[in-house]
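Subject: Model handover, ligand site and voids

Hello,

Here is the model you asked for.

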Amino acid sequence: MLHGKTILITGASSGIGAAAAKLFAEAGANLVLAARRKERLEEVRASLPEAANRIAIFAGDVTDPEFSKASVDVAIETFGGLDGAFNNAGTLGDMGPVSEMNLDTWNHVVATNLTSAFLAAKYQVPAMRTVGGGSIVFTSTFVGHTIGLPGMAAYAAAKAGLIGLTQVLAVEHGAENIRVNALLPGGTKTEMAGDDPAFHEYIAGLHALKRMAQPEEIARAAMFLLSDAGSFVTGAAMLCDGGNSITKA
Ligand SMILES: NC(=O)c1ccc[n+]([C@@H]2O[C@H](COP(=O)([O-])OP(=O)(O)OC[C@H]3O[C@@H](n4cnc5c(N)ncnc54)[C@H](OP(=O)(O)O)[C@@H]3O)[C@@H](O)[C@H]2O)c1
């Protein structure tokens with residue numbers, strides 16, 4: 001589905017991004033793997049098929065205004081262009097009620113989850129235009145879209161903001177064959193979800209499937225959106241949430 005395509009993945013050092021790296025590599029994509037932890041990116045690359053030829057690494061911080069241009073440049077210099085971007089890096093930040101949340105926490109969470117997406121699109125769209133089109137996916141969440149969870153105001157606001165950004169980008173660039181979608185995973189077993197069994201059980205209970213997702217299940221939805229399998233999908237807030245949104249009991 002992604003054979004010969006060049007895809008940038010942020011947040012590729014663990015969880016959903018690392019699972020996407022494996023899936024996309026197996027599908028024959030050229031990859032630029034990005035995150036802050038370079039050693040972890042090297043480990044992910046070493047675990048992939050034909051790693052040496054088709055996988056570039058870019059260690060950087062998505063809150064750095066230079067990150068997006070530099071990561072796109074790696075794709076162009078290494079593989080000759082950019083066909084898709086899975087803008088997936090994210091953070092919960094320090095959680096707590098709004099009345100006790102300091103402005104630095106708010107700004108950090110918004111910078112990581114939302115402002116990074118604006119910067120990503122700013123450089124990814126022109127690169128995709130030069131190759132005749134492309135697909136951009138932002139990892140949003142069910143939190144702040146179908147459910148409010150206490151302590152997660154900055155995260156919810158930033159991730160919901162991604163949906164608005166997605167819709168505007170989709171109409172701005174649809175005629176250029178650039179599709180833009182938000183992917184809304186349900187609770188997924190990654191570092192972000194921690195390893196407390198009681199918390200996992202609580203989160204699992206929020207879903208119709210009564211379990212959390214494996215990161216590979218979310219990566220498959222991202223691959224659908226990034227590939228021609230999703231060729232008529234744009235501007236969507238696509239739930240991949242195990243029925244979280246329709247579960248009230
Ligand atoms: N797990 C869930 O239940 C769940 C549910 C819905 C949505 N999501 C979203 O899914 C995405 C992936 O999260 P995950 O669940 O796979 O958790 P994860 O394993 O903790 O992965 C988060 C990734 O984001 C990267 N990252 C964080 N801050 C960054 C920064 N400032 N600059 C560059 N990279 C940064 C991390 O890499 P470094 O630390 O190496 O930089 C890591 O690769 C996130 O956007 C998250 O909000 C997760």
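Which residues lie nearest the centre of the largest cavity? They are Val62, Asn87, Ser116, Ala117 and Ala120, out of 20 residues in the lining.

Some conventions before the rest. This is a predicted model, in which local features need pLDDT of at least 70 and side-chain atom pairs count only at pLDDT 80 or more, while totals for chains, interfaces and linings use all residues. Residues are numbered from 1 along each chain as its sequence is written, and side-chain values use heavy atoms, with hydrogens and water left out.

Cavity

The search ran on a 1 Å grid over the protein atoms alone; a cavity is a set of points where a 1.4 Å probe fits but cannot get out, a pocket is an open set with protein on both sides within 12 Å along at least five of seven lines, and lining residues have an atom within 4 Å of a point. Grid points are joined across faces, edges and corners, and a volume is the space filled by probe spheres set on the points. The count comes to one cavity of 30 Å³ or more. About 140 Å³ of space lies in the largest cavity. Helix 5 (103–130) gives the largest share of its lining, six residues. Strand 1 (6–10), helix 4 (67–79), strand 5 (134–139) and helix 6 also supply at least two residues each. Helices (H or I, at least four residues) and strands (E, at least two) are DSSP runs, numbered from the N terminus. By class, the cavity lining has nine nonpolar, nine polar and two charged residues. Here Ala, Val, Leu, Ile, Met, Phe, Trp, Tyr, Cys and Pro count as nonpolar, Asp, Glu, Lys and Arg as charged, and the others, Gly among them, as polar.

Ligand and largest pocket

The space taken by the ligand is the largest pocket; a molecule sits in a pocket if more than half of its atoms lie within 2 Å of its grid points. The elements that give two or more residues to the shell around the ligand are helix 1 (15–26) and helix 6 (153–173). The largest pocket holds about 1000 Å³ of space. Of its 47 lining residues, Gly90, Thr91, Tyr155, Thr190 and Met192 lie nearest the centre. The lining has 21 nonpolar, 21 polar and five charged residues.

There are 28 residues around the ligand (a heavy atom within 4 Å), and Arg36, Arg37, Tyr155, Lys159 and Thr190 come nearest. By class, this shell has eight nonpolar, 15 polar and five charged residues.

- Thr190, side-chain N or O atom, 2.6 Å
- Ile16, polar backbone atom, 2.8 Å
- Asn88, backbone N or O atom, 2.8 Å

Taken alone the ligand exposes 870 Å², and the protein buries 94% of that (Shrake-Rupley method, 1.4 Å probe).

Regards

Conventions:
Polar contact = N/O pair within 3.5 Å; in protein donor to acceptor, adjacent residues only side chain to side chain.
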